[in-house]
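Let's take a friendly walk through a protein model, one piece at a time. Have a look at the picture, then read on.

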Amino acid sequence: MADPFMTPELVFIANSMKHVLKLLSLLVVISALWIGLLQASIIPQSHTWLLPIYFIVSLGCYGLLMVGVGLMRFPTCPQEALLLQQDIAEAKDFLKQKGVDVGSD
Amino acid sequence: MDAETNKYSIIVPTYNERLNIALIVYLIFKHLRDVDFEIIVVDDGSPDGTQEIVKQLQKLYGEDRILLRPRAKKLGLGTAYIHGLKHASGNFVVIMDADLSHHPKYLPSFIKKQLETGASIVTGTRYVTGGGVHGWNLMRKLTSRGANVLAQTLLWPGVSDLTGSFRLYKKSVLEDVISSCVSKGYVFQMEMIVRASRKGYHIEEVPITFVDRVFGSSKLGGSEIVEYLKGLIYLMVTT
């Protein structure tokens, strides 16, 4: 399980950082890359300026996609309601026999 | 861990579950035949006579198998677990709902998963193949799915079902995690599993089916959504 990248110091930092700080760090890294791209001018500046918008829109679309796909594939179990009713009937029978009051709900 | 020496304390908080508590006790005994366990009923002063029924069940199954540890009034879920923990003699603790939305037939799969993997926590998930939900309309499923995607994106929790409350914990792990949790309601369940994940505890999941028996009363209005978002932000900032 030893990960050579995760030195004890990094593990400590990773474990004690609050999650919001981890997300902000990630944002800082991405912003640094973006600023680097702006300065290096590998891509025309006009395009680079729009990258954050593309990123946010992609993130939003990805989120909506995950919700939509998840909704379509939402696991249901209609047979479980029936099985539960059977279990309830079985339980009531047994308990009534043994003198436990299962009359009212 | 030697399977023969494990004991499972099942904590069931109840409020007005006069009928369901009897049914659930029967089903637990049915599905855990060769397992050493005890059921700890933490009743919050139910006016419908739940405690009377528990006493009848104690006569039937034994006071060493069913512990009634009531409280005077409705005091909330987190404190119910803490209260139950004080009386738990097992080395494992199961928490589950009393209303039969959690079916005891899954208890063996929780136990098996823990023995196979040595996990500190085994949590039931409704959202994977083999699991599922019955009784939710489209709107409910949509909000559930949306809430889950949001929580996964913001929190990276490491489990697929954050608000589920059907879980098996090593007793020491539950004691450790619960002491640092302050939220209420379903955010409490989320806080428990996220804190456990942050602390590096080994968490496994098993599929469970969930039959929603509280028809109509789980309305997800604006205030619930606001509470949920506040809960997410709280967890992002404090875990």
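## Two strands side by side

In this predicted model, strand E1 (residues 8–14) of chain B and strand E2 (residues 37–43) of chain B run parallel and are joined by 7 bridges. To spot the pairing, find B:Ile11, which stands opposite B:Ile40 in E2(B). Strands of a sheet pair through backbone hydrogen bonds, either parallel or antiparallel.

## The whole sheet

E1 and E2 belong to an open sheet of 7 strands in chain B, with mixed pairing and the order E3-E2-E1-E4-E7-E5-E8. Strand E3 (66–68) and strand E8 (203–207) of chain B are the edge strands, each pairing on one side only. On average, neighbouring strands of this sheet are turned by 20° against each other, direction ignored.

Helices join the picture too. H1(B) lies across E1, E2 and E3 of chain B and runs at about 165° to E2(B). H2(B) packs on the sheet as well, touching E1, E2 and E3 of chain B, and its direction makes about 150° with that of E3(B).

## Where chain B meets chain A

How many residues does each chain bring to the contact? Chain B gives 44 residues and chain A gives 35 residues. Between them the chains bury about 3500 Å², 69% of it on carbon and sulfur atoms. In chain B, the residues that lose the most area to chain A are B:Leu19, B:Tyr26 and B:Arg145, together 17% of what that side buries.

The rule finds 4 salt bridges across this interface. A salt bridge also links the side chains of B:Lys30 and A:Glu90 (3.0 Å, N to O).

Key
Residues are numbered from 1 along each chain as its sequence is written. Chains are lettered from A and ligands numbered from 1 in the order in which they are written. This is a predicted model: local features need pLDDT of at least 70, side-chain atom pairs count only at pLDDT 80 or more; totals for chains, interfaces and linings use all residues. Side-chain values use heavy atoms; hydrogens and water are left out. Contact means heavy atoms within 4.5 Å. Buried area is the accessible area (1.4 Å probe) that two parts lose on being put together, summed over both. Two strands pair if DSSP finds at least two bridges between them. Helices (H or I, at least four residues) and strands (E, at least two) are DSSP runs, numbered from the N terminus. Axes are lines fitted to C-alpha atoms, for helices over the stretch in contact, and angles run from 0 to 180 degrees between N-to-C directions.
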